[in-house]
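Biologist: Please pick one part of this model and take me through it closely. I would like to know what it touches and how it sits in the rest of the chain.

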Amino acid sequence: MAEVRVSLQVSVEHVDGVARCEIVGEVDMATTPQLRDELLGLVDAGHKYLVLDVSGVPFLDSTGLGVLMEVHRRLRDNSGAAALVGARPALVRLLTITNLSRALPVYRSVEDASAAVTGSPAAEVTG
């Protein structure tokens, strides 16, 4: 039996008080523990603003959505915010149908998302 490799990569860049996280790989039951640890680790370390670039995520299931909501709630409780960039149409549709697009807005660019989470003007929401 062949070994199945689970691969999720999360890289973080800190720019002007915003943790910009590029997520690459499928987000499902196998990878959500890693994603949860990475993102909540940033929040627990004191980061209040997260921009999640999900353009490299071809699939995100309900467990992944649950992690994103957990991160949103933890940030909100600490007067912070999160936003998404590069969401594929299926994810945008899922966020819209579940009415979670208000909690996790999707922006056209990392710069727009960064401006939105920090409260700066000129951010443009997609969808």
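Modeller: Of the contacts in the chain with a separation of 6 or more, 63% are between residues 24 or more positions apart, where contact means heavy atoms within 4.5 Å. This is a predicted model, in which local features need pLDDT of at least 70 and side-chain atom pairs count only at pLDDT 80 or more, while totals for chains, interfaces and linings use all residues. Residues are numbered from 1 along each chain as its sequence is written, and side-chain values use heavy atoms, with hydrogens and water left out.

The secondary structure comes to 4 helices and 5 strands; these are DSSP runs numbered from the N terminus, helices being H or I with at least four residues and strands E with at least two. Along the sequence the pattern is β-β-α-β-α-β-α-β-α. Of the 127 residues in the chain, 43% are buried. Buried means under 20% relative accessible area, exposed over 50%, and partly exposed in between, with a 1.4 Å probe and protein chains only.

The part I have picked is helix α2, residues 62-77. The expected span of a helix is 1.5 Å times one less than its number of residues. For the 16 residues of α2 that gives 22 Å, and the end C-alpha atoms are 22 Å apart, so the two agree.

The buried residues of α2 are G64, L65, V67, L68, M69, V71, H72 and L75. An α-helix has 3.6 residues a turn, so residues three or four places apart point the same way. The cover over the buried residues of α2 includes α1 (32-44), β3 (49-56), β4 (81-85) and α3 (89-97).

Take α1 from that cover. The axes of α1 and α2 come within 10 Å and cross at roughly 10 degrees; axes are lines fitted to C-alpha atoms, for helices over the stretch in contact, and angles run from 0 to 180 degrees between N-to-C directions. That makes α1 roughly parallel to α2, the word being used for angles under 35 degrees, with over 145 roughly antiparallel, 65 to 115 roughly perpendicular and the rest oblique. From α1, T32, L35, R36, L39, L40, V43 and D44 take part; from α2, they meet T63, G64, V67, L68, E70, V71, R74 and L75. The residues of this contact divide into 8 nonpolar, 3 polar and 4 charged. Here Ala, Val, Leu, Ile, Met, Phe, Trp, Tyr, Cys and Pro count as nonpolar, Asp, Glu, Lys and Arg as charged, and the others, Gly among them, as polar.

Now the strands. β3 and β4 run parallel and are joined by 5 bridges; strands pair if DSSP finds at least two bridges between them. Y49 has A81 of β4 as its bridge partner. In β4, 4 of the 5 residues are buried.

R76, also in α2, is partly exposed, with a relative accessible area of 48%.

After α2 comes S79, with a positive phi near 60 degrees. Most residues other than glycine have a negative phi. N99, in the loop between α3 and β5 (106-107), also has a positive phi, near 60 degrees.
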